[in-house]
Amino acid sequence: MSHRPNRLYLSSDALVANWRALARLSGAAACGAAVKADGYGLGARAVVERLIGAGCRDLFVATWAEADGLADLADAAGVSLVVLHGLREADLPMLGSLPKVRPVLSTAAQVARWRDAAPGRPCDVMVDTGMNRLGIAPGEIVAGLLDGVDVDTLMSHLACADEPAHAMNEAQRARFAALAGRTAARRMSLANSAGIALGAYYHFDLTRPGLALYGGVPAAGLTGAICPVATIAAEVLQCRVVRAGETVGYNATWRAAVDTPVAVVNLGYADGYRRALSDRGCAFAGDAPLPVIGRVSMDLLALDARAAAVREGDWVRFDDDLVHVAAASGVSQYELLTGLGQRYERHWS
Ligand SMILES: *Cc1c(COP(=O)(O)O)cnc(C)c1O
């Protein structure tokens with residue numbers, strides 16, 4: 001652990017403040033947390049400990065393997081742990097060792113498998129209201145597919161929640177709302193992070209934010225309510241002065257107009273610092289901005305260090321505003337977070 005060369009500074013206060021803000025915006029609905037993909041790259045166990053401490057009672061992962069890594073924490077706190085990808089044949093051996101975990105069944109075959117494998121055990125169910133990703137058609141549910149199944153939460157997922165004016169939002173909401181009272185489900189859940197910002201009609205009984213917990217802002221309606229959680233820091237391995245007319249990095253894409261102090265830093269695209277940030281990203285020494293110059297390499301990048309006296313062995317921090325970095329790179333906020341590599345020592349404050 002201590003040999004990991006880069007650092008990810010993670011703020012417990014920011015994570016908890018984001019969850020509280022989303023819980024407040026969820027109004028009367030309970031607010032859960034999507035912690036799949038290792039807590040969107042930040043470290044699922046550390047995230048879950050903090051969110052449970054803040055009062056979160058519903059956790060969502062993608063796979064049974066992810067559930068296995070968190071079940072002790074969820075069980076000790078008595079909170080729900082839910083597997084979004086349902087119950088494949090290959091998942092059956094996990095059922096016995098994870099007795100409290102609920103799958104989100106999304107096909108008729110999965111419902112049949114659940115009836116056989118775990119009669120009477122509660123599950124969740126995904127309805128497809130128009131995204132055509134996972135989920136059972138509303139018609140099949142109305143026709144009785146779930147009769148006799150103990151459904152805790154009936155859920156659906158919005159395709160366009162980050163586009164508030166998109167007609168899909170209301171169409172999906174209406175199809176989902178029409179299922180109220182048509183099943184024995186105890187709760188209904190529709191909204192992800194961006195869905196929360198669509199307003200109370202979208203909240204039902206439980207919301208499922210992911211991205212915004214971790215500092216992402218998927219919709220203008222959340223601007224100001226969400227703060228950054230994760231900041232990359234990396235060490236300067238070499239400082240040099242690049243003479244006017246010389247170039248930096250692969251393919252010589254950056255050329256010095258004047259003699260320029262340059263810091264070469266221990267961070268690259270293998271750390272999730274995307275190559276699309278070549279000549280576009282920014283680091284900081286204190287408040288002084290140090291623009292990324294030239295191509296981002298696999299394990300290294302170069303900074304224009306004119307704004308600060310940077311020395312070998314110094315640490316610099318990188319822009320942690322996901323909206324900025326996504327706009328600069330053309331890479332989604334989701335990919336920026338989940339692409340963070342394994343070379344970081346994760347420092348929670
Ligand atoms: C990932 C996921 C979420 C969380 O979505 P965000 O956009 O990250 O808030 C909610 N529900 C389902 C079904 C998901 O797959």
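The model is predicted, so local features need pLDDT of at least 70, side-chain atom pairs count only at pLDDT 80 or more, and totals for chains, interfaces and linings use all residues. Residues are numbered from 1 along each chain as its sequence is written, and side-chain values use heavy atoms, with hydrogens and water left out.

Now look at polar contacts, meaning pairs of N or O atoms within 3.5 Å. In the side chain of Tyr-40, an N or O atom is 2.5 Å from an oxygen atom of the ligand. Lys-36 has a polar side-chain atom 2.6 Å from a ligand oxygen atom. His-157 places a polar side-chain atom 3.4 Å from a nitrogen atom of the ligand. On its own, the ligand has 390 Å² of accessible area, and the protein covers 92% of that. Such areas come from the Shrake-Rupley method with a 1.4 Å probe.

Where does the ligand sit? Its space is the largest pocket. To sit there, more than half of a molecule's atoms must lie within 2 Å of the pocket's grid points. The search uses a 1 Å grid over the protein atoms alone: a pocket is an open set of points with protein on both sides within 12 Å along at least five of seven lines, a cavity is a set where a 1.4 Å probe fits but cannot get out, and lining residues have an atom within 4 Å of a point.

The largest pocket has a volume of about 710 Å³, where volume is the space filled by probe spheres set on the points. Its lining has 32 residues, and Lys-36, Tyr-40, Arg-133, His-157 and Asn-192 lie nearest the centre. Helices H2 (36-40), H10 (193-196) and H12 (333-338) each supply at least two lining residues. Helices are DSSP runs of H or I with at least four residues, and strands are runs of E with at least two.

The second largest pocket has a volume of about 200 Å³. It is lined by 13 residues. Helix H5 (71-77) and strand S5 (80-83) give two or more of them. The lining divides into 6 nonpolar, 2 polar and 5 charged residues.

Finally, turn to the cavity. The count is 1 cavity of 30 Å³ or more. About 230 Å³ of space lies in the largest cavity. Its lining has 14 nonpolar, 2 polar and 3 charged residues. Strand S11 gives the largest share, 3 residues.

How values were computed: A polar contact is a pair of N or O atoms within 3.5 Å; within protein, one must be able to donate a hydrogen and the other to accept it, and residues adjacent in sequence count only if both atoms are side-chain atoms. Ala, Val, Leu, Ile, Met, Phe, Trp, Tyr, Cys and Pro count as nonpolar, Asp, Glu, Lys and Arg as charged, and the others, Gly among them, as polar.
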